Amino acid sequence: MKYIFIINPHAGNGGAVQQIRGQMKVLSEAERSMCSLYETKGEGDATLYVRKYLAENPGEEVRFIACGGDGTLNEVVAGAACEENAGVTCYPCGSGNDFVKIFGGVSNFTDIRRLLSAKNRKIDLLYDGSRYADNVINFGFDTTVAMTVANARARKGRAGVRYYTMGVIRALIHSMRNRFTITADGEVLNPGGEMLLCTIANGQYVGGSFRCAPRAVPDDGLIDICVVLPISRLRAVSVLKVYQNGGHLDREDLKDVIIYRRAKKVEVTAAEGSAYSLDGEIIYSSHFTVTVKEKALNFAVPQEESTGAR
């Protein structure tokens, strides 16, 4: 097995490369001989590198270890999706590490030796017709939040939970009633064509601490969809607190505003100029369709018995 650490040099407050090199000192000489490091040069570079490597080394068993946050992981996943000889895992040292929370959290992925020995498991991916998402696709209120985070990342090279909170405040002012119509396996979920937010999920978490899809399982062949209908700002504050801890699906007093479904296909129509966020990437589109690509990725999970997924 070949192991390639793909490192976002801006991650870990700019110290990701030194952090990984320091961690590699615990490996034996034989283990280090199977490893190599690649520093990404900019947005999208990790995907291009993975695809180029696989094209130049057909059939080689290789594991790509994404060293950064959810954005770096998404780029590596996009390059390795549907490639039988390629596996992916991550060393989470970025500002956001939401996807791994469904597999035991950040601490389960910070021992490099265990990342090398972890077994691959097949997981699903979301697909919008041209891009893959390992975690979530969201829009409405959430996209306003994601734009705030993306702008901070563009200015500073990174963005943490503080910027997500700033985005929530901005969205409470500007994005309380959004015109999107969501159809899941032929069922229109919001016939009025309005909503506060919608999350189309493979993972469970978004924004560093919000458990948006608490029932999502990344290898069940289904997409989880959570829609929150328009509500007042006053009610939104209390709903978001419950939404953060994942308790929103079990609250009787929220059943009038929360719709939760599982489906194979989700179609979304919106006004011109609308946008959605795919694992943090902002994409402008007034019509898109999301399908599930079953067992499309080999994802290596240390200590699989401790994960939250079946």
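## Secondary structure and overall dimensions

The chain holds eight helices and 16 strands, where helices (H or I, at least four residues) and strands (E, at least two) are DSSP runs numbered from the N terminus. This is a predicted model, in which local features need pLDDT of at least 70 and side-chain atom pairs count only at pLDDT 80 or more, while totals for chains, interfaces and linings use all residues. Residues are numbered from 1 along each chain as its sequence is written, and side-chain values use heavy atoms, with hydrogens and water left out.

The radius of gyration of the chain is 19 Å, which agrees with the value near 19 Å for a compact globule of 310 residues; the radius is taken over C-alpha atoms, and the globule rule is 2.2 Å times the number of residues to the power 0.38. The C-alpha trace spans about 60 × 35 × 35 Å along its principal axes. Of the contacts between residues at least 6 apart in sequence, 74% join residues at least 24 apart, a contact being heavy atoms within 4.5 Å.

## Surface and burial

The accessible surface of the chain amounts to about 13,200 Å², and 49% of it belongs to carbon and sulfur atoms. Accessible areas come from the Shrake-Rupley method with a 1.4 Å probe, and for residues only the protein chains shown count as cover. Buried residues account for 55% of the 310 residues; buried means under 20% relative accessible area, exposed over 50%, and partly exposed in between (1.4 Å probe, protein chains only).

Strand β10 runs antiparallel to strand β7 (residues 136-140), to which five bridges join it; two strands pair if DSSP finds at least two bridges between them. Asn138 stands opposite Thr199 of β10. Strand β11 (residues 223-228) also pairs with β10 in the antiparallel sense, over five bridges, and here Ala201 is opposite Asp224 of β11.

## Helix α4

Helix α4 (residues 70-80) has 10 of its 11 residues buried, so the helix is largely enclosed by the rest of the structure. Among these buried residues are Asp70, Asn74 and Glu75, as well as Leu73, Val76 and Val77. Cys82, which follows α4, has a positive phi near 65°.

## Aromatic pairs and a charge over a ring

The model contains 12 aromatic pairs. Rings of Phe, Tyr and Trp (its six-membered ring) pair if their centres lie within 6.5 Å; planes under 30 degrees apart count as stacked, over 60 as edge-to-face and the rest as tilted. Phe103 and Phe299 form a tilted pair, with 5.4 Å between centres and 35° between the planes. Phe103 lies in the loop between β4 (86-92) and α5 (112-117) and Phe299 in strand β16 (residues 287-301), so the pair ties together parts that are 196 residues apart in sequence. Both Phe103 and Phe299 are buried.

The ring centres of Phe210 and Tyr243 are 6.3 Å apart and their planes lie at 45°, so this pair is also tilted. Phe210 belongs to the loop between β10 and β11 and Tyr243 to helix α8 (residues 233-245), 33 residues apart. Phe210 is buried at a relative accessible area of 12%, and Tyr243 is buried at 2%. Ring pairs also link Tyr38, Tyr49, Tyr53 and Phe64 into a cluster. Arg215 lies over the face of Tyr260, at 5.9 Å from the ring centre; a charge sits over a ring if NZ of Lys or CZ of Arg is within 6 Å of the ring centre and within 35 degrees of the ring normal.

## Individual residues and distant neighbours

Pro218, in the loop between β10 and β11, is buried with a relative accessible area of 0%. The C-alpha atoms of Pro218 and Lys295 are 9.0 Å apart, although the two residues are separated by 77 residues in sequence. Lys295 is found in strand β16, is partly exposed at 38% relative accessibility, and has a positive phi of about 50° although it is not a glycine.

Asn13, likewise not a glycine, has a positive phi of about 55°. Asn13 lies in the loop between β1 (2-7) and α1 (16-23) and is exposed, with a relative accessible area of 64%. Ser117 of helix α5 is exposed at 56%. A distance of 9.8 Å separates the C-alpha atoms of Ser117 and Gln303, which are 186 residues apart along the chain.
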